[in-house]
Amino acid sequence: MGKRGSRSKSQLLGCLTKKQKKHLRDFGEEHPFYDRVSRKEAKPQTCQLSESSDTSSSESEAESEPEQVSGYHRLLATLKNVSKEEEEEEEEEEDSVTHETEMNLEDGDGDISEEEEVETESADVQSSVASPADPEGKDGHGPPGTSEESPEEFTDAKHESLFSLETNFLDEESGGDSAPKASQDPFAQHVNTELKEKEVQAVATNPKTTHQLKWPILGEVVFSSKFRKLETFKPPKDIDLKSVHLQKPLESTWIKTNSQFLSGPQKSSSPFTPLQKELFLIMNSYRDLFYPERTALKNGEEIRHVYCLHVINHVLKANAQVLGNNSRRRSQKLGVGDDDDFRDQGLTRPKVLIVVPFREAALRVVQLFISLLEGDSKKKIIVSNKKRFNGEYGSDPEERPPNLKRPEDYEAVFVGNIDDHFRIGVAVLQRSIRLYAPFYSSDILIASPLGLRTIIGGEGEKKRDFDFLSSIELLIIDQADIYLMQNWEHVLHLMNHMNLLPLDSHGVDFSRVRMWSLNNWSKYYRQTLLFGALQDAQINSVFNKYCVNVQGQVAVRNVPMTGSISQVLVQLPHVFQRMEAESLASVIDARFNFFVNKILPQYRDAVMSHTLIYVPSYFDFVRLRNYFKKEELNFTHICEYTQKSGVSRARHFFLQGEKQFLLLTERFHFYKRGPGAVLLNDCPFLCG
């Protein structure tokens with residue numbers, strides 16, 4: 001006790017200032033105010049006295065001990081001055097921290113203010129939990145933003161526990177569907193497939209075995225695989241929803257969602273159109289699929305409906321397995337059972353990545369998700385941040401020029417919001433959807449190639465993240481032909497970062513991670529669905545190089561029987577030139593040299609006053625433009641980056657014959673094509 005007393009006195013003396021120590025020597029004793037504080041805290045300045053309490057205590061002491069009033073006030077005034085100075089320092093530190101937190105929350109409030117009215121209360125919850133050290137908020141901000149401004153943009157504390165897989169359990173209604181039998185359900189068969197290390201090592205050297213079949217609707221279908229024996233199948237005449245193992249409530253909601261494509265006797269006999277039936281059979285077998293006949297006018301929406309059904313079915317089954325195992329672990333005693341029985345997830349939560357070119361496509365995908373989960377039930381599902389989503393991804397019809405006339409296929413492609421820089425996370429839990437979820441708390445990621453490229457970053461960049469791609473089980477690349485007009489390098493950059501081991505654990509429970517994911521074999525279990533409008537060498541290369549699914553690949557390889565050249569209305573001679581190249585690497589230089597040395601001299605005569613040169617590649621366009629400038633040829637040029645005034649000026653010069661050549665890029669024609677774009681009746685047309 002003596003040591004403790006001396007230690008407490010020394011601590012108290014150490015906390016006093018010089019003035020306080022002088023007053024202590026003058027009065028010979030310590031005021032009771034310090035005794036009370038010393039029993040609780042070592043620092044006396046942490047206690048605050050209000051003016052009323054000071055006045056009341058001074059008045060009472062003045063009545064009882066009038067001779068000590070002046071001394072007490074002198075001591076108390078000194079203590080109050082010191083405490084105020086230190087309190088001001090503490091308040092300044094607290095204000096700085098509070099100011100930083102408020103600045104972060106102000107950025108987040110901009111998003112919350114646009115949400116539904118029922119969710120505006122989450123701002124109050126965020127103000128109490130959001131901090132720079134919040135790991136969920138930090139992880140949520142890094143990759144997924146549609147904006148790089150607010151670090152707390154994707155922290156939704158109100159719905160975090162509602163959509164967490166770790167803290168939720170399977171509802172009793174769907175308890176029977178939590179563990180589908182591996183012998184029946186294609187999902188269970190796929191994720192439970194066990195690869196051996198010898199098989200994985202042999203993939204690089206194994207020849208690809210192929211087998212070609214003819215299907216009624218898809219036509220020529222090529223099955224291929226580098227794993228084990230190649231298995232093929234043909235579509236049955238009739239299928240029902242029970243045979244394809246749809247998760248609840250999809251059996252009841254799909255028919256209503258897909259009713260617009262069903263008509264006549266087909267509506268009552270089959271829940272799928274003939275095209276949807278064959279596509280879904282391939283999707284549901286978890287084989288990779290390349291379908292190069294997807295067009296915006298003909299079957300685009302029909303295909304979008306069927307792959308959205310496959311996505312929701314996959315996510316519901318995967319989450320039901322996790323929630324079912326949560327219930328089993330809760331009811332099971334500690335130490336009982338094998339941990340391998342509960343391996344049901346990847347290294348990160350995102351399972352599905354859907355790559356679409358424009359925000360309008362992302363809007364339609366989310367609307368289909370809501371329709372598939374809601375159906376015709378009277379009970380509406382929970383969709384958080386729906387108002388904000390409709391505002392950012394929807395479009396205003398008044399913004400479109402009223403007199404703008406474009407071809408029908410152009411209108412179908414460039415409908416709605418055509419912004420190509422976006423990304424959004426979607427969490428699905430039973431019958432609830434959370435939009436703008438943090439990427440590491442999302443099940444489905446919907447993004448454009450540009451939106452993903454800005455997050456993945458490049459070598460040497462400090463702020464980059466691609467861990468959210470580590471456990472993607474289902475990759476859908478829709479409208480791949482449009483990416484050729486945007487930037488195909490972004491697609492290649494994405495594919496090079498798919499299913500890599502994450503650099504951070506992101507709070508994963510490794511006892512729940514599947515062994516093939518821990519072995520870095522996720523790419524052999526990833527299903528890739530690739531849809532486009534044409535057979536292109538670059539698209540074929542992605543499918544052949546990056547799709548190594550253990551279940552095999554299926555590609556539709558129909559040879560075009562009718563070409564577009566027959567649709568040319570103006571009677572012009574079509575001359576095709578054949579050139580030789582030593583290798584694929586030398587094709588670009590060989591083509592350029594052949595053009596400037598063999599073809600171009602034929603059109604430099606003054607008689608050929610109107611020559612339009614159409615260049616598919618922007619790099620070839622730049623090279624050809626520089627060559628024309630160097631040779632001082634009489635030309636003008638238009639590309640996708642040319643301002644509207646520059647386009648009008650170039651067209652005028654070319655029309656009036658002041659410029660002999662007009663260089664035109666394919667991307668400009670793609671984005672600006674329409675009646676009266678650039679074409680003239682009397683100009684020869686060269687395709688570079």
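# Briefing: selected local features

Tyr 436 is buried, its relative accessible area being 2%. This is a predicted model.

- Most residues other than glycine have a negative phi, and most peptide bonds are trans.
- Tyr 436, although not a glycine, has a positive phi of about 60°.
- This residue, Tyr 436, belongs to the loop that runs between strand 7 (432–435) and strand 8 (444–447).
- Asn 499 is likewise not a glycine and has a positive phi, of about 55°.
- The loop between helix 20 (488–496) and helix 21 (515–518) holds Asn 499, and Asn 499 counts as buried because its relative accessible area of 4% falls under 20%.
- A cis peptide bond, with omega near 0°, leads from Lys 248 to Pro 249.
- Pro 249 is located in the loop between strand 2 (219–225) and helix 11.

**Packing of helix 11 against helix 14**

- Helix 11 (residues 250–257) and helix 14 (residues 300–331) have axes that come within 12 Å and cross at roughly 165°. Because angles over 145 degrees count as roughly antiparallel, helix 11 is described as roughly antiparallel to helix 14.
- The crossing of these two helices, helix 11 and helix 14, is right-handed.
- Helix 11 contributes Leu 250, Trp 254 and Thr 257 to the contact, while helix 14 contributes His 305, Val 306, Leu 309, Ile 312, Asn 313 and Leu 316.
- Sorted by class, the contact of helix 11 with helix 14 comprises 6 nonpolar and 3 polar residues, with no charged residues.

**The two sides of helix 16**

- Arg 388, Phe 389 and Tyr 393 are buried in helix 16 (residues 386–393). Viewed down the axis of helix 16, the buried residues fall within an arc of 105°, and they therefore line one face of the helix.
- Lys 387 and Gly 391, on the other side of helix 16, are exposed.

**Buried residues and their contacts**

- Met 485 is part of helix 19 (residues 480–486) and is buried, at a relative accessible area of 10%.
- Residues up to four places away in sequence aside, Met 485 touches Glu 666, Arg 667, Phe 670 and Tyr 671.
- From C-alpha to C-alpha, Met 485 and Tyr 671 are 8.7 Å apart in space, although 186 residues apart in sequence.
- Glu 374 lies in helix 15 (residues 359–374) and counts as buried at 15% relative accessibility.
- With neighbours within four places in sequence left aside, Glu 374 is in contact with Thr 253, Lys 379, Lys 380, Ile 381 and Arg 431.

Methods. Residues numbered from 1 in each chain as written. Predicted model: local features only at pLDDT ≥ 70, side-chain atom pairs only at ≥ 80, totals over all residues. Heavy atoms only, no water. Axes fitted to C-alpha atoms, helices over the stretch in contact; angles between N-to-C directions. Helix = DSSP H or I, 4+ residues; strand = E, 2+ residues; numbered from the N terminus. Parallel < 35°, antiparallel > 145°, perpendicular 65-115°, else oblique. Left-handed = near helix turned anticlockwise from the far one by under 90°. Contact = heavy atoms within 4.5 Å. Nonpolar A, V, L, I, M, F, W, Y, C, P; charged D, E, K, R; others polar. Buried < 20%, exposed > 50% of the residue type's maximum accessible area, 1.4 Å probe, protein only. Arc of directions from axis to C-beta.
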